[in-house]
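Have a look at the sequence and the model first.

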Amino acid sequence: MNPLETLSFEEALKELETIVRRLEEGKTSLDDAINAYERGAALKAHCEKKLKDARLRVEQIVIGTDGTVTTKPTTLEG
């Protein structure tokens, strides 16, 4: 397993989906299920952080009355 810090959002989400499928099948031992659940919880938190970071980086394009184009941070909340 990769350390979470090195995973992109897409990689973490794909691994999380795999874990969910495995747990839904119910074919793992209790210890494996617990470990998978813990990894899944960490992946979920990692994905949420990545989304929050991306949201904060989004900029709004503003066109001034003189036609100049600038950007400003959005005021997204959530």
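Q: What makes the pair of lysine 49 and aspartate 53 a local one, and where do the two lie?
A: Lysine 49 and aspartate 53 both sit in helix H2, four residues apart, which is about one turn of the helix. Helices here are DSSP runs of H or I with at least four residues, strands are E runs of at least two, and both are numbered from the N terminus. As a rule, an α-helix has 3.6 residues a turn, so residues three or four places apart point the same way.

Q: Before going on, what kind of model is this?
A: It's a predicted model, where local features need pLDDT of at least 70 and side-chain atom pairs count only at pLDDT 80 or more, while totals for chains, interfaces and linings use all residues. Residues are numbered from 1 along each chain as its sequence is written, and side-chain values use heavy atoms, with hydrogens and water left out.

Q: Why is the contact between lysine 49 and aspartate 53 called a salt bridge?
A: The term asks for a side-chain nitrogen of Lys or Arg within 4 Å of a carboxyl oxygen of Asp or Glu. For lysine 49 and aspartate 53 the N to O distance is 2.8 Å, so the pair qualifies.

Q: How many salt bridges turn up in the whole structure?
A: The search finds three. One of them joins arginine 39 and glutamate 15, with the closest N and O atoms 2.8 Å apart. That pair links distant parts of the chain: arginine 39 is in helix H2, glutamate 15 is in helix H1, and they are 24 residues apart. Glutamate 48 and lysine 44 also meet in a salt bridge, at 2.8 Å from N to O. Both of these lie in helix H2, four residues apart, about one turn of the helix.

Q: What about glutamate 48, lysine 44 and aspartate 53: which class do they get, and why?
A: Glutamate 48 comes out at 44%, so it's partly exposed. Lysine 44 has 47% and therefore gets that label too. Aspartate 53, at 31%, is partly exposed as well.

Q: Which residues of H2 are buried, and what do they pack against?
A: The buried ones are Ala33, Ala36, Arg39, Gly40, Leu43, His46 and Cys47. They pack against H1.

Q: What makes histidine 46 a buried residue, and what does it touch?
A: Its relative accessibility is 11%, so histidine 46 counts as buried. Leaving out residues up to four places away in sequence, histidine 46 touches Leu4, Glu5, Leu7, Ser8 and Ala12, where contact means heavy atoms within 4.5 Å. Leucine 7 is in the segment before H1, and the C-alpha atoms of leucine 7 and histidine 46 are separated by 8.7 Å, although the two are 39 residues apart along the chain. Leucine 7 is at 3% relative accessibility, so it is buried too.

Q: Why is a group of residues called a nonpolar core, and which residues make up the largest one?
A: The name is for buried Ala, Val, Leu, Ile, Met, Phe, Trp, Tyr and Cys residues joined through side-chain atoms within 4.5 Å. The largest has eight: Leu4, Leu7, Ala12, Leu16, Ile19, Ala36, Leu43 and Cys47. Helix H1 (9-25) and helix H2 (30-57) each supply at least two residues of this core. Alanine 12 touches Leu7, Leu43, His46 and Cys47, not counting residues up to four places away in sequence.

Q: Why is isoleucine 61 called exposed, and where does it lie?
A: At 63% relative accessibility, isoleucine 61 counts as exposed. Isoleucine 61 lies in strand E1 (residues 59-63).

Key
Buried means under 20% relative accessible area, exposed over 50%, partly exposed in between (1.4 Å probe, protein chains only).
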